[in-house]
Every structure is written in structure tokens, then in C-alpha cells.
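Please go through the labels given to some residues of this structure and set each one against the rule behind it.

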Amino acid sequence: MIKIIDGKAISKEIKDEVKEAVSGLKEQGITVSLAVIQVGNDPASGVYVGNKKKACEYCGIESVSYELAEETTQDELLTLIEKLNKDEKINGILVQLPLPKHMDEDAVIKAIAPIKDVDGFHPQSVGALCIGQPGFVSCTPAGIIELLKRSNVEIAGKECVVIGRSNIVGKPMAILLLRENGTVTITHSRTKDLKEVTKRADILVVAIGKPKMITREYVKEGAVVIDVGIHRNENNKLCGDVDFDDVAPVCSAITPVPGGVGPMTIAMLMKNCLTSVALMQNQ
Ligand code: NAD
């Protein structure tokens with residue numbers, strides 16, 4: 001019996017937990033707030049930012065929006081980040097990526113105070129993750145761990161294969177699976193004989209960015225398959241990096257697109273805003 005992992009339901013569970021915690025903080029006179037900065041008007045970024053604001057509203061988190069013109073200079077953006085770093089009323093700071101080409105994303109990410117780095121992209125957050133210290137974790141891989149745990153998928157001792165080595169998904173995903181005691185292999189565009197490696201996986205996490213690339217030839221019978229990809233097909237319908245119809249019959253559990261990993265990313269962002277409150281209280 002194949003299990004469809006319901007990311008929509010699990011993300012709602014998490015947002016409801018955050019909502020309750022936010023309301024508890026409100027009773028103590030503490031407001032949780034997230035600053036969301038968007039530079040330029042990339043339509044996809046606009047949709048992502050809109051969804052993040054909606055989630056804030058649902059959880060009772062105050063979202064403060066900064067919609068900056070495409071021509072904004074890097075110095076102007078850094079000045080705004082510096083102001084928000086110092087603002088005690090702001091907990092999380094999120095800069096929607098990608099930034100316009102004239103900006104250096106690494107420099108912008110580095111400018112965010114690590115205790116407000118709710119996206120978990122700051123080198124300090126990444127370093128803390130690597131050495132097992134507390135800190136922010138990139139929302140998509142953190143959400144995948146929650147999906148697995150809340151679907152009762154055991155990670156310890158399992159063969160886990162991650163396809164993709166990006167800084168925001170593949171690498172932190174591999175480290176998180178390792179932290180959960182999985183036996184982890186990272187594969188990428190230079191991996192020789194990808195199928196031979198992915199066929200070993202009890203848990204296969206796919207973050208390639210290529211629509212429906214993963215068919216059943218890549219998947220071991222009974223594996224758990226997590227699809228991170230998001231694409232629009234020729235009929236404007238969403239699909240993932242996994243060919244769902246082909247793979248679902250051979251695996252024990254799989255995430256759909258939409259309704260799998262996507263909603264978890266935003267739910268974990270909400271959770272990270274709470275972490276930021278705790279870090280600011282302890283500093
Ligand atoms: P990326 O382009 O930065 O990285 C893709 C990775 O795939 C690279 O490391 C590359 O080495 C690897 N790769 C490419 N071709 C390959 C091949 N033929 N064989 C093996 N490996 C190959 O992408 P990303 O930012 O990690 O995102 C991956 C996908 O996940 C995209 O579709 C993106 O839209 C989606 N995404 C979804 C969410 C979400 O919230 N659901 C969040 C982030 C990214």
C-alpha cells in the first residue's frame with residue numbers, strides 16, 4: 001500500500017503549533033515579527049513573498065514588508081538590513097532570493113544578524129548545523145525531516161541518498177539526515193551511474209531542478225521518495241523532479257507536487273521566527 005505523504009496537512013499541524021506559541025507569547029506582551037524584503041518585481045518571488053505573508057497572518061506573526069525597486073543599490077539594501085538588525089521589534093529577517101544581478105547575494109546574506117537569520121543561509125548558521133550546534137536550519141530540508149518524522153519514517157541506520165548539492169537544499173539535507181543517524185550519500189551532476197547509487201536508497205531525496213527526471217528505474221522497491229522539485233509543465237500544471245505516476249507504485253511512501261515539500265518550507269520559516277524570539281531573549 002503506497003502512502004502519500006500529505007505535506008499540506010503536516011504543515012498545517014506545524015503552523016497551528018506555531019500559532020499557539022505565538023498567542024502564548026502575546027499574553028506575555030511579546031510580539032513575533034518577520035521583516036520580508038523583496039528587491040525588484042520577479043513574479044515568482046512575488047508569489048513566494050505573498051504566501052509567506054499569508055502564513056504569518058495565519059500564525060499571528062506580524063510581517064513587515066519592504067518592497068524595493070529593481071534599481072536599489074546594494075549599499076541601500078545593506079543599510080536597511082543593518083537598521084533591521086538593530087531593531088528590537090524585528091525578530092526574523094528574510095531577503096527573498098534571487099536578488100537582481102548587480103547585487104552580491106553572499107554579501108547580503110552575511111549582513112543579516114545570525115540571530116535573525118530565519119532562512120538559515122548565513123555562514124554562521126550553516127557552520128553551526130555542520131558541527132551539531134543549535135541555530136537556524138534552511139527551511140526546506142528542515143521541513144523534510146519533519147515530514148519524515150511525522151510520517152513515522154525511521155531515518156536511523158537507513159541508506160539515505162540525496163540528489164543535488166545546492167547550499168539551500170542538497171547540502172543541508174545531507175547533514176540533517178546524518179544528524180538523524182542515516183547513512184548518507186550525496187549525488188550530483190557529475191555522479192557516474194546515478195541509478196546504481198539511488199537504487200540503494202531506503203530514503204531518496206530528489207532536488208535536481210529537472211522536471212520528472214526520476215523514474216522507477218532510479219528507485220528501490222519500497223523506498224521512501226521525497227520530491228523537492230517544483231516546475232510548471234506545458235499545461236501550466238505543477239510537477240516535481242520525480243515522475244510521480246511512474247514511481248508511486250514501486251515505493252512505500254512518496255510526497256506529491258504540489259502538496260508535499262512546498263508547504264513545509266513556509267511552515268518551517270514560521271517555526272524559525274519563534275526560534276529567533278528565543279535567541280533574542282537569551283542574548
Ligand atoms: P540547484 O539548481 O541549485 O541544484 C540542483 C542540483 O542538482 C545541483 O547540485 C546539481 O549538481 C544537481 N543535478 C543537476 N543535474 C543533475 C543530474 N542530471 N544528475 C544528478 N544531479 C544533478 O537547485 P535547488 O535550489 O537545490 O532546487 C532543486 C529543485 O527544488 C528546483 O526544482 C527548485 O525549484 C526546487 N525547490 C523547491 C523548494 C520547495 O520549497 N519545495 C525549495 C527550494 C528549491
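This is a predicted model: local features need pLDDT of at least 70, side-chain atom pairs count only at pLDDT 80 or more; totals for chains, interfaces and linings use all residues.

Q: Where does T255 lie, and which residues does T255 touch?
A: T255 belongs to the loop that runs between β11 (253-254) and α10 (261-282). Leaving aside residues up to four places away in sequence, T255 touches I5, L147, V225, I226, D227, F244, G260 and V261.

Q: What makes the approach of the T255 side chain to the backbone nitrogen of D227 a polar contact?
A: The side chain of T255 reaches that nitrogen of D227 at 2.9 Å, and a polar contact calls for N or O atoms within 3.5 Å, one able to donate a hydrogen and the other to accept it.

Q: How do you know that C59 is in no disulfide?
A: A disulfide requires two cysteine sulfur atoms within 2.5 Å, whereas the nearest cysteine sulfur to C59, that of C56, is 7.2 Å away. C59 also counts as buried, at 1% relative accessibility.

Q: What is the corresponding reasoning for C139?
A: For C139 the nearest cysteine sulfur is that of C273, 8.4 Å away, while the limit is 2.5 Å, so C139 is in no disulfide either. With a relative accessible area of 4%, C139 is buried. By this rule the count of disulfides comes to zero.

Q: Why is L238 called partly exposed?
A: L238, in strand β10 (residues 238-239), has a relative accessible area of 30%, and because buried means under 20% and exposed over 50%, this value falls in between.

Terms used. Residues are numbered from 1 along each chain as its sequence is written. Side-chain values use heavy atoms; hydrogens and water are left out. Buried means under 20% relative accessible area, exposed over 50%, partly exposed in between (1.4 Å probe, protein chains only). Helices (H or I, at least four residues) and strands (E, at least two) are DSSP runs, numbered from the N terminus. Contact means heavy atoms within 4.5 Å.
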